[in-house]
Amino acid sequence: MYLDPTTNIYQNRDPNEETHEDRVLKWSIDLAIRSYNGGLNSSFFIGEYIGLLLDIDLSSCYPTILNMIQNLDFKSCGGIEEFRDELEKYDGTVLPIAMAEVEFSFPTTCKSPSLAIKTNDGLFYVYNGRTTATLPEIHLAIQQGAEIRFIDAIVMSVETRPLNKLNSLIYSSEGPVFTLKDYQYQFDKLCGQHGFTFRKFLTDKILARTKAKKNGDELLQQLLKNYVNGLYGKTAQGLNKKSTYVVGKGTSKPLPASAITSPYIASMVTGTVRAALCCIMDAISKLDGYKLISATTDGVLYSLPPWREPKFKTKASIQGSKGNVTKSFDDLFVALKNNKDVPLFADVDPFLYSKLLEYPTIRLIQASRLVWGYDEFLEIKHVCSEVLNIKTRGQIGHYEYDGYKYPTVLAKAGHKIDGDKENQAQQMREWFYKENIA
């Protein structure tokens, strides 16, 4: 027996002695870290565009994916054959923790390839290449007609019941120590119903936030929002080299891993979010008259053709009218401007909405949201009648209403600008046209 000086728990062997299980774990961690590629950020059009535009986001996207993560038990690790089996079964009801290194080739008819190559300048979505990606991304690529050749793959085993112990990796300041250890952990605080790792935690906090919003407690609901949204970051903390500033010492130090850092979870969350965004982009690219403007992390800015101008009912129109009163873009703008009675995306653009439900990853997100009692998974953030698209995270959108152009979309590409929203928009325009800054 070996007494671990860190945990003061007896182990069956010296952790410095590497076993076959340790080597398998090390291999799986390496592949999982390589599939951790960050967010999708793409711009498809530069300059002015006039037309009907919607800015939509996947609602609470990262917590929504975390809600579908099952408990890793580290009992087994499948390879390419098991990965193929999971691909065949993937229908959006469960989220396998699976990644693969592949060579890929998309057909030229595909307008929006869904596999990226990671570079120092970010992710590049290309037609041919080699990458490491998660199962939802690879499933979509095959759905788009891509040819896939597998080089390596992992499928991690999960425990479908709540765990009493957390089977975890131990991290040191230098990175992960590749040994398996079971250690006591108050796992009931994180582990939820039916073996979903974060479901109980997320459900409790999200329902508490909903209650706070109904009670008008803005401070509490914002605190709970940040609490929930920050959970994903803790699963990824320490995977990439970052520094944190220590106020008391006035110096920076390397950001260490957190107690719940996991390359498997972090990779699956970011990969599934990228896959979901690619599903939206793929659906839009196939619809006549639709145009993609940009896609950023968990949202898409796109235009609809005039013949698809939304006609929808709102609660106010239903309650205030005996007939079949419909609302259009003007009413949507007013609802968003007043943050009141904003219709569901499914009612505003039912044509695109129905197409999205053909994708398993979108159905996965829909199922996760339904766990919390929410019908919607896409949220309308803004509406525009014109937009100046400068670059990724650089857009200026206006909506013309009642003879005045109101600023709606404003993404400043990292710039800090004084003044109100309209003054900031005008400054961005001036820089773009006069200073030729992109």
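Residues are numbered from 1 along each chain as its sequence is written, and side-chain values use heavy atoms, with hydrogens and water left out. Because the model is predicted, local features need pLDDT of at least 70 and side-chain atom pairs count only at pLDDT 80 or more, while totals for chains, interfaces and linings use all residues.

A pocket is here an open set of points, on a 1 Å grid over the protein atoms alone, with protein on both sides within 12 Å along at least five of seven lines; lining residues have an atom within 4 Å of a point. Grid points are joined across faces, edges and corners, and a volume is the space filled by probe spheres set on the points. The largest pocket has a volume of about 1700 Å³. Its lining holds 46 residues, and those closest to the pocket centre are Ser 59, Lys 213, Glu 376, Glu 379 and Lys 381. Helices (H or I, at least four residues) and strands (E, at least two) are DSSP runs numbered from the N terminus. Strand 17 provides the largest share of this lining, six residues. Other elements that give two or more residues include helix 5 (199–214) and helix 6 (218–236). By class, the lining divides into 20 nonpolar, nine polar and 17 charged residues; Ala, Val, Leu, Ile, Met, Phe, Trp, Tyr, Cys and Pro count as nonpolar, Asp, Glu, Lys and Arg as charged, and the others, Gly among them, as polar.

A cavity is a set of grid points where a 1.4 Å probe fits but cannot get out, and four cavities of 30 Å³ or more are counted. The second largest cavity contains about 40 Å³ of space. Among the residues that line this cavity are Asn 37, Glu 137 and Arg 274. Strand 9 (residues 128–134) gives the most to the lining, with three residues. Four nonpolar, three polar and two charged residues make up the lining of the second largest cavity.

Two strands pair if DSSP finds at least two bridges between them. Strand 3 (residues 41–43) runs antiparallel to strand 15, joined by three bridges, with Asn 41 opposite Thr 296. Strand 15 also pairs with strand 16 (residues 299–304), antiparallel over five bridges; here Ser 294 has Leu 301 as its bridge partner. Two residues lie between the strands of this hairpin, where Thr 297 takes a positive phi near 60°.
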